[in-house]
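User: I would like to learn how to read strands and pockets in a model. Please take me through them one feature at a time.

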Amino acid sequence: MKVLANDGISPLGKQLLEDNGYTVVTDTVPQDQLVETINKENYEVLLVRSATKVRTDIIDGCANLKMIGRGGVGMDNIDVDYARKKGKFVFNTPAASSQSVAELVMAHLFGAVRFLHLSNRAMVTEGASNFKGLKKAYAKGIELRGKTLGIIGFGRIGQTVASYALGCGMKVVAFTPDMTTAKINITIEGHGNITIDIPSQSMEEVLKSSDFITLHTPSLAEPIMGKAQFDLMKNGTILVNAARGGVVDEDALIEALESGKLAHACLDVFENEPNPRADLMTMANISLSPHIGAATEEAQDRIGTELAEIIMNQNS
């Protein structure tokens with residue numbers, strides 16, 4: 001069976017498939033050449049991440065395609081229901097990247113409260129000539145301990161973020177539709193596990209009570225975070241979005257940042273990827289990363305291995 005991993009697959013996952021008789025090709029085929037290439041090379045499995053889109057044209061145009069896999073959490077770049085109606089086996093790896101996304105969220109929070117996104121750049125140009133001035137400029141940081149983190153979307157990633165935040169001494173409040181209480185397991189290396197119950201609150205309650213808010217929802221037709229939601233927040237709230245571009249209204253976000261309603265925003269995802277708007281990129285009270293939530297070696301190995309195991313199990 002031939003597998004096209006169009007957005008790549010970890011060497012571990014590739015090796016596992018090849019050791020079990022699969023042919024795995026990791027050359028990236030341009031979007032407009034996918035149908036022709038899949039048919040010409042007789043690929044039966046197509047693996048993607050976020051770059052490649054699997055829409056009806058590919059699903060209808062590739063009769064020999066049996067399996068479509070997404071390495072990651074969401075599958076908004078795949079027409080999942082349509083593909084399944086056409087008899088394709090569609091799957092993803094929802095748990096494999098929870099750890100890496102959660103750590104990026106915490107990295108953004110730690111950086112934001114100590115102005116690391118600004119001081120790191122300023123030290124390069126002024127560190128040798130204006131050290132005391134920079135020390136004074138960035139001497140008004142705050143601590144995470146004792147603050148409240150609101151988590152919107154309390155699935156695997158949101159719960160993993162909660163475990164880190166609780167370990168840092170933060171209070172955690174959460175909102176997810178149809179959830180009453182989630183059990184958060186915190187592993188203390190060498191000392192066992194602690195289980196903590198986090199009850200679900202209303203979104204309004206979470207927005208009003210939080211010092212920091214992090215989003216962990218799937219891609220949605222409309223933003224869930226706009227002017228009305230920002231107006232409910234405390235003045236000086238810090239927002240993190242490592243979920244999906246489009247869940248935050250970026251016009252409302254800029255307005256909130258300029259007014260001081262938000263002290264800071266940390267963004268890993270954007271509405272118009274891979275061409276995010278320039279005015280966001282240049283704001284002083286914003287820290288940025290280029291959609292790297294799942295981009296750790298460990299997460300990619302977990303994703304590659306899980307993809308391989310799903311494919312092999314489906315064919316066993």
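User: In which sense do strand β8 and strand β9 pair, parallel or antiparallel?

Analyst: Strands of a sheet pair through backbone hydrogen bonds, either parallel or antiparallel. Here strand β8 (residues 181-188) and strand β9 (residues 192-199) pair in the antiparallel sense, over eight bridges. Two strands count as paired if DSSP finds at least two bridges between them. Strands (E, at least two residues) and helices (H or I, at least four) are DSSP runs numbered from the N terminus. This is a predicted model, in which local features need pLDDT of at least 70 and side-chain atom pairs pLDDT 80 or more, while totals for chains, interfaces and linings use all residues. Residues are numbered from 1 along each chain as its sequence is written, and side-chain values use heavy atoms, without hydrogens and water.

User: What do β8 and β9 form, and which residue in the turn has a positive phi?

Analyst: They form a hairpin with three residues between the strands, and G190 in the turn has a positive phi of about 85°. One of the bridges links I188 to G192 in β9.

User: What is the strand order in the open sheet of five strands?

Analyst: The order is β2-β1-β3-β4-β5, with parallel pairing. β2 (23-25) and β5 (89-92) stand at the edges with a single partner strand each, so one side of each has no neighbour in the sheet. Strand β1 (residues 2-5) runs parallel to β2 and is joined to it by three bridges; in one of these, L4 has V25 as its partner.

User: What volume does the largest pocket have?

Analyst: Rolling a probe the size of a water molecule over the atoms shows where empty space is left. A pocket is an open set of points on a 1 Å grid over the protein atoms alone, where a 1.4 Å probe fits, with protein on both sides within 12 Å along at least five of seven lines; lining residues have an atom within 4 Å of a point. The volume, the space filled by probe spheres set on points joined across faces, edges and corners, is about 1,200 Å³ for the largest pocket. Of its 49 lining residues, S50, R70, A243, R244 and H291 are the closest to the centre. Helix α8 gives the most to this lining, with three residues.
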